[in-house]
Amino acid sequence: MSFLLKSRISSASLVALTLCAAANHAFAETNWSGFYGGLALGGAYSAAKPDTDVLYTGYFEDLGGGSDREQLTPLLNDTLDGFDVSSSALFGYDYQDRNIVYGIEGDLTFMPFSETKSHGPFVYDTNAGGEFSTQTTVETDFSFSIRPKIGYATGNWQLYFAAGPSISRFKTTHRFTDNVLGGTDHTFTDTRTAFGVSSSIGAGYMLGDGWAFRGDYVMTYFPQIVNGDADVGQGGSEADFSYDADFQSHNVRFALIKRF
């Protein structure tokens, strides 16, 4: 019995030492700790969603009490969307504790979004002799995000999720023309810095010598990219339009990362 017991203990010890050695070897092969930087290239679908309101100030109402609001609102709030090529500069730091990887990443993404929606000329429902046209343009070309992240490393792979604040710059232009009361040609322009949130989910593969290949999906949302009121220059000095809009982007990209 003593011999069998000693044999089993020796065998168990050998198995434990083998597993420990294998585990240490695995951790050494997948060390994601340290600073890193990289470049990414991708494609993004983005959409600006206006929430422009037609105000009851007298100009967009007829003498019989009717209003042009129901006719104008769907046209003014048409979504501006499109697909664009994106490029990103990435930099960050990771700290690995066994299989769990904690980190923070800065992401500067360039994406030339510029979309326009035009409608008209249409005849006013409340004025058969009057016609109007409307055109809205939204432009932005970059976003910067800082995202804390958490990941899981196994083998040469790392899976991760990240989320954090974002900042960007947007320009919104709205032109409205009609031929009522001598005609109006109104242009509203607003350029502002917008703050939002960004989240990403991705996977990286360690190639060796500090190089890694990565793919991810990034969603960025800005709740307010324009805010203002404007008078079309007819029917009094009160504002006729109230402007608001949000913006979101869905970016799929691939990156080459160098760890230092």
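Mentor: A salt bridge here is a side-chain nitrogen of Lys or Arg within 4 Å of a carboxyl oxygen of Asp or Glu. The model is predicted, so local features need pLDDT of at least 70 and side-chain atom pairs count only at pLDDT 80 or more, while totals for chains, interfaces and linings use all residues. Residues are numbered from 1 along each chain as its sequence is written, and side-chain values use heavy atoms, with hydrogens and water left out.

The whole structure holds 13 salt bridges. One of them pairs R259 with D94, with 2.8 Å between the closest N and O atoms. Because R259 sits in strand 9 (residues 241-259) and D94 in strand 3 (residues 80-97), this pair ties together parts that are 165 residues apart in sequence. Strands are DSSP runs of E, at least two residues, numbered from the N terminus. R259 and D94 are both buried, meaning under 20% relative accessible area with a 1.4 Å probe, protein chains only.

Another salt bridge joins the side chains of E105 and K149, at 3.9 Å from N to O. E105 belongs to strand 4 (residues 100-124) and K149 to strand 5 (residues 127-154), 44 residues apart. E105 has 3% relative accessibility and therefore counts as buried; K149, at 8%, also counts as buried.

D107 and R147 form a salt bridge at 2.7 Å, N to O. This pair links D107 in strand 4 to R147 in strand 5, 40 residues apart. D107 and R147 are buried. Through shared partners, salt bridges join D94, E105, D107, R147, K149, R214, D216, R253 and R259 into one network.

Methods. Helix = DSSP H or I, 4+ residues; strand = E, 2+ residues; numbered from the N terminus. Buried < 20%, exposed > 50% of the residue type's maximum accessible area, 1.4 Å probe, protein only.
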